[in-house]
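Have the viewer open as you read.

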Amino acid sequence: MNLLYKSTRNKEHTVTASEAILKGLADDGGLFVPVQIPKLDVSMEALKGMSYQETAYVVMKQFLTDFTEEELKHCIRCAYDSKFDTEVIAPLVKVGDKYHLELFHGATIAFKDMALSILPHLLTTAARKNQVTNEIVILTATSGDTGKAALAGFAGVPGTRIIVFYPKDGVSQVQRLQMVTQKGENTAVVAIHGNFDQAQSGVKALFEDQELAGELSKEGYQFSSANSINIGRLVPQVVYYVYAYAKLLEHGELEAGEEINVTVPTGNFGNILAAYYAKQMGVPIAKLLCASNENKVLFDFFRTGCYDKNREFVLTSSPSMDILISSNLERLIYAIADQNAEKNRELMEALRTKGTYEITQEMKTKLSDFVGGYATEEETRAAIRDVYHKTGYVMDTHTAVAAHVCSAYQERIKDTKKALIASTASPYKFARSVLTAIDAKYDALGEMALIDELEKVSQTAVPQAIEEIRNAQIVHTRECDAEKMKDMVKEILHMAV
Ligand SMILES: *Cc1c(COP(=O)(O)O)cnc(C)c1O
């Protein structure tokens, strides 16, 4: 069966999976969604024995139906290889009474690697399938982790260029160093004088700029997106929820059919949406706990049905979740509006012009799979400290937000279902925040001394990704105002400004 995709803002037009991946965003500004979520066509029993790569194939083939078996298996083989520091790709670790699904064993030690190590292969395959001869220019706004993961994925990939925009004061020191030391002729990194939402809105505006698209095409370029709005990011993320459930079964941690709760530290709503899709495919998931930091716009939304971004933007110790416009929520809004593109467009227009919208009572009743929660900065630190003292396990700040929200929920509802935590980053990526949560004395140390200290405290080896930046040369120094992103792109592509 051929699965087609349509825009969340237009019911007429459908595209194939490969077209949706190539375009990233629909011309009408909407996001591509599959016309229906496929059901898993293999049993959990069969999934139990499968490797990550095998699981990836059985899940992704149902979403990317216009890719041949050979194409898809080739993409999977190229993505999930020795770039990961463990053969199981996404290990499950039992920490206290929770299962942590560690999604940070790829090249840049954050969960973005799970999708961004395969996206360049999906994209170049999609280009070939659709006879695209233009060079593909990947434009990406990052809250810290996407940028490096996309740079690492696309560096040196023939037929592509990548331009990454990050908020100058909104990323961790390690995140910044990872990006500005990126090698590769086809890479560019720009610091924006602004926050992530401004960078993301700027990139979206560039995508929607038809005049610019025309100019680019004359020069032999076309844009595509590596942001989590691209369906080529979302689909690979569904894989690890299926895999995690099957492994829990295989290890005898669950009875057949037993439901689990999944907690996801959330920013742009991509990772948790993938868990929702996994549930719809047939994975026995009861609740999806959406964990926010102090930028708790999603918590408020799930509580009230009102999305309101008009509030102070808080810089927290979990910068990859410092987001007030969660782009992927649009896909959920569209689903709970019974795929009513007009209704969805109306709400998104209200978000754009007024910064707020309210869903109907009927839509609200369809959100019962989700529970919103948030952690304050102090609660996040306490979660890191407590888990470390009780178990010896060191969590990063993003994962700690999820762990806090999960524990608070268990406590409040007395829900005893087994809990899976999406563990999204290595503590090494946020060493200062992590170590000072354990003991304030560490704040006196320099960046690299912190790394050495974390090795002792966590008793895990320093990841390759950190070793790489210790002495690497800074090669990207561009900066610009958020309003000047278009000129910057043209300059990088050597076009007339
Ligand atoms: C991107 C990111 C998140 C948020 O994921 P979304 O898909 O944007 O909700 C959480 N934690 C880390 C470490 C991240 O890099």
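The points below go from the ligand to the cavities.

1. Ground rules: this is a predicted model, where local features need pLDDT of at least 70, side-chain atom pairs count only at pLDDT 80 or more, and totals for chains, interfaces and linings use all residues. Numbering runs from 1 along each chain as its sequence is written, and side-chain values use heavy atoms, with hydrogens and water left out.

2. Around the ligand there are 15 residues, with Lys112, Asp145, Gly267, Asn268 and Thr424 coming nearest (near: a heavy atom within 4 Å). By class, this shell holds five nonpolar, eight polar and two charged residues, with Gly counted as polar.

3. The protein covers 98% of the 380 Å² of accessible area that the ligand has on its own (Shrake-Rupley, 1.4 Å probe).

4. The ligand sits in the largest cavity (more than half of its atoms within 2 Å of the grid points). A cavity is a set of points on a 1 Å grid over the protein atoms alone where a 1.4 Å probe fits but cannot get out; lining residues have an atom within 4 Å of a point. Its volume is about 260 Å³, and 26 residues line it. α12 (270–281) gives the most to that lining, with three residues.

5. The second largest cavity holds about 70 Å³. Helix α9 (residues 196–208) gives the most to its lining, with four residues.

Definitions and conventions
1 Å grid on protein atoms, 1.4 Å probe; cavity = no way out; pocket = protein on both sides within 12 Å on 5 of 7 lines; lining within 4 Å. Points joined across faces, edges and corners; volume = space filled by probe spheres on them. Helix = DSSP H or I, 4+ residues; strand = E, 2+ residues; numbered from the N terminus.
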